[in-house]
Amino acid sequence: MRKRPGRIMALWATFAAWAMTVTWLSSLPPWELPGAQWLFPSIPHWDKLAHFAAFVAGGWLAAKAIKTTFPSQNTRAGLLTSAAILTAASFGAFDEIFQLGTPGRHGADIQDWIADLLGASLGVAIATAVTRQSALAALAVTPLRRLANQTEKIPERVRRISSKVVSGE
């Protein structure tokens, strides 16, 4: 895969926008959150589900940005996957510390951070699986293209062979 600077910048900008959105939501006291606990009063630990879902998106964005910035061979794929999880999970830790200064928030909640880590891991896994499927599809298409190119050349080869047969070569 070749590097495409415009795509790389767009992916990192999207990851930054996600991070800023999470930070903005973390800066709001609970009573100012849009809908928050009033939407899901009957779901126990709804906030853990919210953390998990938000970090699925963050993990996916981190994986896409890192793997596009550093196109890898299979030997480095594990390192890039780990870097994507670490990036999103580190932001989750920052988010929990940031919440300590927000009125009405507890912050530094290890369970929230674990939900962030698990969500980020799933997001990275999804991005990796989608990327791998795309790569496998590209590998499958390549032989078909070669076959198509070869079949276009068949009439030319038949003509050469038949001219050799007719001329007695």
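Predicted model: local features only at pLDDT ≥ 70, side-chain atom pairs only at ≥ 80, totals over all residues.
Helices here are DSSP runs of H or I with at least four residues, numbered from the N terminus.

View 1. The chain has five helices and zero strands, so reading along the sequence gives the pattern α-α-α-α-α. Among contacts with a separation of 6 or more, 75% join residues 24 or more positions apart.

**View 2. The surface and the interior of the chain.** Of the 169 residues in the chain, 29% are buried. The accessible surface amounts to about 11,000 Å², and carbon and sulfur atoms account for 68% of that area.

**View 3. A nonpolar patch lies on the surface.** Here you can find Phe52, Trp60, Ile110, Ile114, Leu118, Leu122, Ile126 and Val130, which form the patch. Together these residues have about 680 Å² of accessible area.

**View 4. Helices H3 and H5 both contribute to the nonpolar patch.** Helix H3 spans residues 46-69 and helix H5 spans residues 110-167. Each of these helices supplies at least two residues of the patch. Helix H5 gives the largest share, with six residues.

**View 5. A closer look at Ile114, one of the patch residues.** Ile114 sits in helix H5. Its relative accessible area is 40%, so Ile114 counts as partly exposed: the value falls between the 20% limit for buried and the 50% limit for exposed. A patch residue needs over 30% relative accessible area, and Ile114, at 40%, is above that cut-off.

Notes:
Residues numbered from 1 in each chain as written. Heavy atoms only, no water. Buried < 20%, exposed > 50% of the residue type's maximum accessible area, 1.4 Å probe, protein only. Contact = heavy atoms within 4.5 Å. Areas by Shrake-Rupley, 256 points an atom, 1.4 Å probe, with all protein chains shown as cover. Patch = residues over 30% accessible without salt bridge, like charges linked within 9 Å, V, L, I, M, F, W, Y side chains within 5 Å. Salt bridge = Lys/Arg side-chain N within 4 Å of Asp/Glu carboxyl O.
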